[in-house]
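Welcome, and please open your viewer. We will go from stop to stop, selecting one thing at a time and looking at what is there.

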Amino acid sequence: MITFVWAEDENGLIGKDGELPWHLPADMAFFKEITLTGDVAMGRKTLDSIPNPPLKNRVNYVLTRNEGFSQDGVEICHSKEELIERASASDKPLHVIGGVSLFNVFLDEVDMLYRTVIHESFEGDTYIPDIDYSQFELVEEKEGTVDEKNRHSHTFQIFKRKQ
Ligand SMILES: NC(=O)c1ccc[n+]([C@@H]2O[C@H](COP(=O)([O-])OP(=O)(O)OC[C@H]3O[C@@H](n4cnc5c(N)ncnc54)[C@H](OP(=O)(O)O)[C@@H]3O)[C@@H](O)[C@H]2O)c1
């Protein structure tokens, strides 16, 4: 099973200057909870945005066109086909965690969407690609808690591809 896990603002913004545009620990916790159920796949730029990679206790597949690229603890792949082939050795879900190019690459294969919507408008440069939500049904929705550490109103949503 292939999933997407991401957070977007009310305009579909997901990134700014190679980083997240917001600070929302509750979403980081949600991201961790979901992705620990499987392995993760990401683009090389998203890898660069992670402090102290790899993400622990998950196989980290990273897509790059750079044949010379290597990094400890990370499984480097140079094509979608290679990534799918290697990840298929496991029964666990493959969680695609961005960025835009990875979401585009797996758009036709994705089975589930874990989307966090942050109900504000931020500045940035990277947007989630168009997803045809008519092909998915919303199966779970939960409002996040706003508090001292999580100042942005947000909602966690889970979509499943319709059969
Ligand atoms: N809000 C969220 O949930 C979320 C999630 C993820 C990322 N982000 C944000 O998004 C931004 C980074 O995302 P991005 O979209 O700019 O980059 P990205 O998708 O993470 O990485 C792009 C890189 O992936 C490699 N790549 C892409 N498609 C490939 C293919 N078909 N075959 C081989 N290699 C391929 C290339 O690496 P090489 O250049 O090495 O060849 C390309 O430059 C950051 O701001 C990050 O914080 C946000």
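Start by selecting α1, residues 25-35: with seven residues, α1 gives the most to the lining of the largest pocket. A pocket here is an open set of points on a 1 Å grid over the protein atoms alone, where a 1.4 Å probe fits, with protein on both sides within 12 Å along at least five of seven lines; lining residues have an atom within 4 Å of a point. Helices (H or I, at least four residues) and strands (E, at least two) are DSSP runs, numbered from the N terminus.

Before moving on, note that this is a predicted model, in which local features need pLDDT of at least 70 and side-chain atom pairs count only at pLDDT 80 or more, while totals for chains, interfaces and linings use all residues. Residues are numbered from 1 along each chain as its sequence is written, and side-chain values use heavy atoms, with hydrogens and water left out.

Next, select Thr46, Ser49, Ile97, Gly98 and Gly99, which are the closest to the pocket's centre among its 49 lining residues. The space in this largest pocket comes to about 1,400 Å³, a volume being the space filled by probe spheres set on grid points joined across faces, edges and corners.

Stay with Gly98 and Gly99: a cis peptide bond joins them, with omega about 0°. Gly99 sits in the loop between β6 and α4. For another cis peptide bond, pick Pro53 and Pro54, where omega is about 5°; Pro54 is in the loop between α2 and β4.

Now show the strands. Which order do the eight strands of the open sheet follow? It is β5-β4-β3-β6-β1-β7-β10-β9, with mixed pairing; two strands pair if DSSP finds at least two bridges between them. At the edges, β5 (75-77) and β9 (136-143) each pair on one side only. Zoom in on β1 (residues 2-9) and β6 (residues 94-96), which run parallel and are joined by three bridges.

For the last stop, select Tyr133 and Phe159, a tilted aromatic pair at 5.1 Å centre to centre with 50° between the planes. Rings of Phe, Tyr and Trp (its six-membered ring) pair if their centres lie within 6.5 Å; planes under 30 degrees apart count as stacked, over 60 as edge-to-face and the rest as tilted. Tyr133 is in the loop between β8 and β9 and Phe159 in strand β10, so the pair ties together parts 26 residues apart in sequence.
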